[in-house]
Amino acid sequence: MLSITPSTIIEYLYCERYIYFEYVLKIPQDEEKFSKVLIGRNIHDKKLKINKEYLRKKVGAVSKYINVYLTDDMLRGIVDEILIFNNNLSE
């Protein structure tokens, strides 16, 4: 069964050929060679640490879960944040 990550979807939306080169032709992407990728990862990690206790009260969130691994038959990956609202619904 095919299983993809949200990152793969983002890569596809950015450039359909990227997916072809990496997954069909097996050409490695070598992300670590690109400074913009490393800078982006560092910013993402810093924001995760800074926003760990931040709760989005303006949208009605009452609690949250962070860095949750989710999977089903087709999609898998880590979600940065799941918000819980006072009606026990999450987004």
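The questions and answers below go through some features of this predicted model and the cut-offs behind their names. Residues are numbered from 1 along each chain as its sequence is written, and side-chain values use heavy atoms, with hydrogens and water left out. Because the model is predicted, local features need pLDDT of at least 70 and side-chain atom pairs count only at pLDDT 80 or more, while totals for chains, interfaces and linings use all residues.

Q: What makes Lys64 and Glu81 a salt bridge?
A: A salt bridge is a side-chain nitrogen of Lys or Arg within 4 Å of a carboxyl oxygen of Asp or Glu. The closest N and O atoms of Lys64 and Glu81 are 3.2 Å apart, so the pair meets the definition. A search of the whole structure finds one salt bridge.

Q: Which parts of the chain does the pair of Lys64 and Glu81 tie together?
A: Lys64 lies in strand β1, which covers residues 61-71, and Glu81 lies in strand β2 (residues 76-85), so the pair ties together parts that are 17 residues apart in sequence. Strands (E, at least two residues) and helices (H or I, at least four) are DSSP runs, numbered from the N terminus.

Q: Why is Lys64 called buried?
A: Buried means under 20% relative accessible area, exposed means over 50%, and partly exposed is in between (1.4 Å probe, protein chains only). Lys64 has a relative accessible area of 18%, and therefore it counts as buried. Contact means heavy atoms within 4.5 Å, and, leaving aside neighbours within four places in sequence, the residues in contact with Lys64 include Tyr54, Leu55, Ile82 and Leu83.

Q: Why are Tyr20 and Phe21 called a tilted aromatic pair?
A: Rings of Phe, Tyr and Trp (its six-membered ring) pair if their centres lie within 6.5 Å, and planes under 30 degrees apart count as stacked, over 60 as edge-to-face and the rest as tilted. The structure holds one aromatic pair, and in this pair the centres of Tyr20 and Phe21 are 6.0 Å apart, with 55° between the planes, so the pair is tilted. Tyr20 is partly exposed, with a relative accessible area of 42%, and Phe21 is also partly exposed, at 38%.

Q: What makes Tyr20, Phe21, Tyr23, Val24, Leu25 and Ile27 a nonpolar patch?
A: Patches are made of residues with over 30% relative accessible area and no salt bridge, where like charges are joined within 9 Å and nonpolar side chains (Val, Leu, Ile, Met, Phe, Trp, Tyr) within 5 Å. Tyr23, found in helix α2 (residues 16-24), has a relative accessible area of 40%, and therefore passes the limit on area. Together the six residues of the patch have about 570 Å² of accessible area, a value that comes from the Shrake-Rupley method with a 1.4 Å probe, for which only the protein chains shown count as cover.

Q: Is Lys26 buried or exposed?
A: Lys26 has a relative accessible area of 63%, so it counts as exposed. Phi of Lys26 is near 60°, a positive value in a residue other than glycine.

Q: How do you know that Asn67 is partly exposed?
A: Asn67, found in strand β1, has 45% relative accessibility, which places it in the partly exposed class. Asn67 also has a positive phi of about 50° although it is not a glycine.
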